[in-house]
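I opened my notebook to go through one structure, step by step. Here is what I looked up, for anyone who wants to follow along.

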Amino acid sequence: MTRPVVLVGFVAAALGSSIKDFQPDGSVIFVEEPDVVRKRGARETVAGSALVRELIEWEFHLPGKADEFYHVHRDLDPAAVVPLTEYATPFAARLAERYGLPGAGFGAAQILRDKALLRLVSRAAGIANPASARVESPEQVREFMARHPGKIVLKPANRQASVGTRVLTDPAEAEQAWANCVVQDEGVFVPDRAMELKMLAESFVEGDEYSVEMLLRDGEPLFANVTGKQLFPGPRPVELAHIVPADIPDELTATLNEETRRLTDAAGFRTGIVHCEWIVSDGVPYLVECAGRFAGDGIIELIQRAYPVELNRAYFSVMKDEPVVDVLPRRAERGAAVRFVSIEPGLIEDVRGVEKASQAEGVFLCDVSVSAGDRFGGLRSSWDRVGDLMVTADSPAEASRLAEEAVALIEIDVRPDGEEREKAAR
């Protein structure tokens, strides 16, 4: 029987991705938290997939659970352990160590999962970071702002998807911002038990934003891409668009790749893929954060269409300690972009133009997740975006232009009511 690949964190999209092109039927085992399995209907979803051998319910967020899993499932003999979600990375790294398989390394995974630790380690390695401090109250936020004049970012040290993140411009905002940011419920994506609250206050760095997606084996880069990023306006730094590859000079691409390589070395990251975010201010890349997993938001799909490269296949080969069959390209051949959709808070009365946008030039995916009668509470994190649209084109600039033109065809009528007006005002 084929040795299974253990995927930690349930991602339904993985069942319809290119994984099925190189993994045989019955070769995938999902590991997910029991609460998440229940809330997301994961068992019903995998039941229809020939790819999945088993879904194991395991409280992998908790300390020591990888070692416990290893002893309970010692005879599993997996070919690889792959994290699919942010919270899965430490468990997957430790489990790979126990089975003697390639992985990030447990220490590196822990550093990348805690933004405060990441600041400490990367700053010691000489990587530019914004001023940052742990804070436990609005008063400490105001004290940080007194020491660091100008805008700041208040955010969790240990969450994902911009949950609980807000930009502050005035110390008078600290009380309300704290109350808003410490509410970090991710609904169906996390267990029902409470997660530890760790908050950071950081100086706001003005500049252009990028991410680097880098595949490494034994600490050495095999492939790298730089993605250009745009944010929605407002105090919540939620991503509006990604452009692959970033339309920037080769020198800046090389600098961002090198800084990411320095970061992985500083953290001791060994084998896997990282999604590392940077803000470039006056030519200097400042670290935002770095995840030891595949990028979300469709970035991997954009990369595979722009270069082209079978990055999924290459990643799984590396994690299984197999040779990467194809030569991985250094330059993209085309451009690709994703543009997200958000709306004002209120009651949705009508949604139009989705089919028209789907048929627009270059569009290969268009999805709107709301319909008439739904109520939208406002844009607080990446989970709150109501749609996305992806395109390919001959260049990154053309892909970005086509995405903007196509998304403009989507019309969503929203009627604010008293409840939504109050939330919006906050």
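**Entry 1: Gly387**

I started with Gly387, which counts as buried because its relative accessibility is 7%; buried means under 20% relative accessible area, exposed over 50%, and partly exposed in between, with a 1.4 Å probe and protein chains only. The model is predicted, so local features need pLDDT of at least 70 and side-chain atom pairs count only at pLDDT 80 or more, while totals for chains, interfaces and linings use all residues. Residues are numbered from 1 along each chain as its sequence is written, and side-chain values use heavy atoms, with hydrogens and water left out.

I found Gly387 in strand β18, residues 387–393. Helices (H or I, at least four residues) and strands (E, at least two) are DSSP runs, numbered from the N terminus. Next I asked myself: which residues is Gly387 in contact with, leaving aside its neighbours within four places in sequence? I noted Arg339, Phe340, Val341, Asp367, Val368 and Ser369, where contact means heavy atoms within 4.5 Å. I also looked up Pro245, which is 142 residues from Gly387 in sequence and 22 Å away in space, C-alpha to C-alpha.

**Entry 2: the whole chain**

I then stepped back to the protein chain, which has 15 helices and 19 strands. Its C-alpha trace spans about 60 × 50 × 45 Å along the principal axes. For 426 residues, a compact globule would have a radius of gyration near 22 Å, and the 21 Å of this chain agrees with that. The radius is taken over C-alpha atoms, and the globule rule is 2.2 Å times the number of residues to the power 0.38.

Of the 426 residues, 54% are buried. I wrote down an accessible surface of about 18,400 Å², with 48% of it belonging to carbon and sulfur atoms; such areas come from the Shrake-Rupley method with a 1.4 Å probe, and for residues only the protein chains shown count as cover. Among contacts between residues at least 6 apart in sequence, 69% join residues at least 24 apart.

For charges, I found 48 positive and 69 negative side chains, and the centres of the two sets lie 3 Å apart. Lys and Arg count as positive, Asp and Glu as negative, and His and the chain ends are not counted. The place of a charge is taken as NZ of Lys, CZ of Arg, CG of Asp or CD of Glu.

**Entry 3: aromatic rings**

How many aromatic pairs does a search of the whole structure find? I got 10. Rings of Phe, Tyr and Trp (its six-membered ring) pair if their centres lie within 6.5 Å; planes under 30 degrees apart count as stacked, over 60 as edge-to-face and the rest as tilted.

I looked at Tyr70 and Tyr99, whose ring centres are 5.1 Å apart with planes at 75°, so the pair is edge-to-face. This pair links distant parts of the chain: Tyr70 sits in helix α4 (residues 65–72) and Tyr99 in helix α5 (residues 89–99), 29 residues apart. Tyr70 counts as buried at 10% relative accessibility, and Tyr99 counts as buried at 15%.

My next pair was Phe223 and Tyr307, with ring centres 5.1 Å apart and planes at 75°, so this pair is edge-to-face. Phe223 lies in strand β10 (residues 220–231) and Tyr307 in the loop between α11 (299–306) and α12 (311–319), so the pair ties together parts that are 84 residues apart in sequence. Phe223 is buried at 3% relative accessible area, and Tyr307 is buried at 4%. I also noted one aromatic cluster, formed by Phe22, Phe294, Tyr315 and Phe316.

Glu186 is in the loop between α9 (174–181) and β8 (199–203). Is Glu186 buried or exposed? It counts as buried, at 4% relative accessibility. Not counting residues up to four places away in sequence, Glu186 touches Tyr87, Arg159, Gln160, Val163 and Trp383.

I found Gly219 in the loop between β9 (208–217) and β10, and at 7% relative accessibility Gly219 counts as buried. Beyond residues up to four places away in sequence, Gly219 touches Arg261, Phe269 and Arg270.

Last, I checked Ala266 in helix α10, residues 250–267. Ala266 is partly exposed, with a relative accessible area of 27%. Its touching partners, not counting residues up to four places away in sequence, are Val121 and Ala125.
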